[in-house]
Amino acid sequence: QVQVVESGGALVQPGGSLRLSCAVSGNIFSASDMGWYRQAPGKQQREFVATVNRSGVTNYIGVVRGRFTISRDNAKNTVYLQMNSLEPADTAVYYCNAHFIRSFASPQDYWGQGTQVTVSA
């Protein structure tokens, strides 16, 4: 059974840093493109933040580029999001996504339960 579990969310002051972690169980990690998404207060849709594919290629939404860094450790089945120079606009619930690329079927998405990041003085 696949489980996706985020951790590391907290209350932090503007300009501060946090590192989110996402551990994936179920033997799919190495075959998955991994991503972080967020849902801000009062917004109905989740917003793409960053992805790292199976080859280690990364992609970011423009507003976080240069401040956030996504990385993956295949030995630990874990993906990270290092967030620096945090701004109040970064306040959101952050969700981890595992986009499992299957050999003979369509991709399967798995989501974690989310971790709260609050940036406030």
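Mentor: Let us begin with Asp 90, keeping in mind that this is a predicted model: its relative accessible area is 1%, and since buried means under 20%, Asp 90 is called buried.

Trainee: What makes Asp 90 and Arg 38 a salt bridge?

Mentor: The side chains of Asp 90 and Arg 38 meet at 3.0 Å, N to O, and the limit for a salt bridge is within 4 Å, so the pair qualifies. Asp 90 sits in the loop between S8 and S9 while Arg 38 belongs to strand S4, and the two are 52 residues apart, which links distant parts of the chain.

Trainee: How do you know whether Arg 38 is buried or exposed?

Mentor: Arg 38 has a relative accessible area of 5%, and because the label buried applies under 20%, Arg 38 is buried.

Trainee: Why is Arg 54 called partly exposed?

Mentor: Its relative accessible area is 43%, and because buried means under 20% and exposed means over 50%, a value in between is called partly exposed. Arg 54 forms a salt bridge with Asp 33, with the closest N and O atoms 3.2 Å apart.

Trainee: How do you know that Cys 22 and Cys 96 form a disulfide?

Mentor: Their sulfur atoms are 2.1 Å apart, and the cut-off is within 2.5 Å, so the pair counts as a disulfide; a search of the whole structure finds one. Cys 22 lies in strand S3 (residues 18-25) and Cys 96 in strand S9 (residues 92-100), so the bond ties together parts that are 74 residues apart in sequence.

Trainee: Why is that disulfide called left-handed?

Mentor: The torsion about the S-S bond of Cys 22 and Cys 96 is about -80 degrees, so the disulfide is left-handed.

Trainee: What makes Thr 78 buried?

Mentor: Thr 78, in strand S8 (residues 78-83), has a relative accessible area of 9%, and because the threshold is under 20%, Thr 78 is buried. Residues in contact with Thr 78 include Cys 22 and Phe 29.

Technical notes
Residues numbered from 1 in each chain as written. Predicted model: local features only at pLDDT ≥ 70, side-chain atom pairs only at ≥ 80, totals over all residues. Heavy atoms only, no water. Helix = DSSP H or I, 4+ residues; strand = E, 2+ residues; numbered from the N terminus. Buried < 20%, exposed > 50% of the residue type's maximum accessible area, 1.4 Å probe, protein only. Contact = heavy atoms within 4.5 Å. Lists of a residue's contacts leave out its neighbours within four places in sequence.
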